[in-house]
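Visitor: I've got a few things to ask about this one. Can we walk through it together?

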Amino acid sequence: VISCRAAVAWAPGKPLSVEEVEVAPPKAGEVRIKLVATGICRTDEHLLQGCFPNAEFPVIPGHEGAGTVESIGEGVTSMKPGDKVILLCLPQCGECSFCKNPESNFCQKSHISEPQNLLPDKTSRFSCKGKQIHHFLWISTFAEYTVVPEYTVAKIDAAAPLDKVCLLGCGFSTGYGAAINTAKVKPGSTCAIFGLGGVGLSVVMGCKAAGASRIIAVDINKDKFAKAKELGATDCINPRDFKKPIQEVLTEMTGHGVDYSFEAIGLADTMIAALASCNMSTGVCVMVGELDSGSEISIDPTLLLTGRTWKGTVVGGSWKSREGIPKLVSSYLEKKFNSDLLITHTLPFAKVNEGFELLRAGK
Ligand code: NAD
Ligand code: ZN
């Protein structure tokens with residue numbers, strides 16, 4: 001058993017508390033990871049506010065982490081202590097029908113199919129002050145050590161800087177993959193991205209890499225526009241600068257609406273606006289943001305009747321996580337994209353609450 005620090009969420013709506021926790025050794029088929037760095041994604045904020053579906057408290061959040069293998073359980077063959085890894089918030093068990101389908105990156109072992117609050121044997125490897133602490137998406141990266149199933153770990157190139165490539169565990173892969181894999185953006189096309197956080201800015205990068213000729217970035221926080229332009233946005237607009245609905249503004253700007261629209265915020269209104277902003281016949285709208293658990297959307301069905309396509313994505317479309325993330329790391333090392341530009345602040349672990357304050361402040 002290892003004693004180390006972890007950020008524990010004891011109850012919804014409370015700040016994280018950095019505690020001494022015990023991390024049990026890995027059982028058969030599991031791996032214990034020493035974490036080096038973790039990103040903060042809005043999905044962690046959904047969890048802290050009690051809006052993430054089927055989560056259980058107390059819990060150690062975090063799902064965008066990189067580190068090294070500390071020890072392996074019985075039967076683990078795909079990695080050894082010392083290997084550099086990225087933890088996967090979407091597993092790749094390799095056995096389910098989705099894993100066997102080359103078109104899909106989903107896995108039946110994901111949290112959406114069956115909650116990942118405990119490891120597959122239905123026990124936790126974390127305890128604090130004598131209490132069992134839940135895992136989050138199996139990987140709980142807000143800890144100095146974490147224990148996870150082997151199939152939620154991607155072994156990556158030993159040259160990768162862990163404090164940079166941790167973003168490939170969720171935010172970057174989700175946004176970049178939404179453009180490349182889910183929407184399959186074509187060269188010369190027009191795109192609109194709603195929300196310019198880590199995920200939306202990664203969509204901008206994906207649209208640019210796919211050769212889109214016009215990339216319209218939409219946010220209510222104009223401080224995001226300079227970075228969006230640096231990453232490839234051709235136009236930046238603030239819905240609050242217009243009297244008419246943003247879908248009408250986008251339709252006028254483009255003639256018949258954009259070819260591809262993306263929602264990377266997580267609000268019902270902007271999901272509908274994104275859908276209505278794409279071409280009524282051939283447009284494709286990708287839902288990337290996550291709505292609070294239990295919420296629903298109602299739309300005018302004519303929006304779809306005329307031919308639009310509305311789809312969702314989990315962590316980057318058709319990239320299977322264990323195979324795809326190491327390839328993305330190689331592309332990063334070959335400088336095919338620069339996800340470092342998404343890093344705004346680097347904080348020591350003890351300041352994790354400050355990181356959330358920065359996220360909430362749109363910084
Ligand atoms: P973030 O908070 O960093 O960014 C959200 C952005 O949306 C901010 O810039 C904010 O100013 C902007 N915004 C808020 N309200 C707006 C409005 N009404 N109109 C226009 N812009 C508005 O969040 P993030 O970490 O980039 O995550 C974005 C969303 O993606 C979240 O809902 C998150 O849960 C979800 N997510 C989904 C997946 C997936 O696999 N599908 C993976 C990661 C994150
Ligand atoms: Zn995330």
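Visitor: Are Cys41 and Cys170 buried or exposed?
Guide: Keep in mind that this is a predicted model. Buried here takes under 20% relative accessible area. Cys41 and Cys170 both count as buried.

Visitor: Which residues coordinate the zinc ion (ligand 2)?
Guide: Look for donor atoms at 1.9 to 2.3 Å from the zinc ion (ligand 2). The atoms are SG, NE2 and SG, and they belong to Cys41, His63 and Cys170.

Visitor: How many residues apart in sequence are the parts that Cys41 and Cys170 tie together?
Guide: Cys41 sits in the loop between β3 and α1, while Cys170 sits in the loop between α3 (162-165) and α4 (171-183). The pair therefore links parts whose separation in sequence is 129 residues.

Visitor: Which strands stand at the edges of the open four-stranded sheet?
Guide: The order is β1-β2-β6-β7, with antiparallel pairing. An edge strand here has a single partner, so one of its sides has no neighbour in the sheet. That applies to β1 and β7 (131-133).

Visitor: Which element gives the largest share of the largest nonpolar core?
Guide: That core has 49 residues, and Leu16, Ile33 and Ile60 have the most contacts inside it. Elements giving two or more residues include β2 (17-23), β3 (30-38) and α11 (352-360). The largest share is five residues, and it comes from β1.

Technical notes: Residues numbered from 1 in each chain as written. Chains lettered and ligands numbered in written order. Predicted model: local features only at pLDDT ≥ 70, side-chain atom pairs only at ≥ 80, totals over all residues. Heavy atoms only, no water. Core = buried A, V, L, I, M, F, W, Y, C linked by side-chain atoms within 4.5 Å. Buried < 20%, exposed > 50% of the residue type's maximum accessible area, 1.4 Å probe, protein only. Donors = N, O, S within 2.8 Å, 3.2 Å for Na, K, Ca; no water. Pairing = 2+ DSSP bridges.
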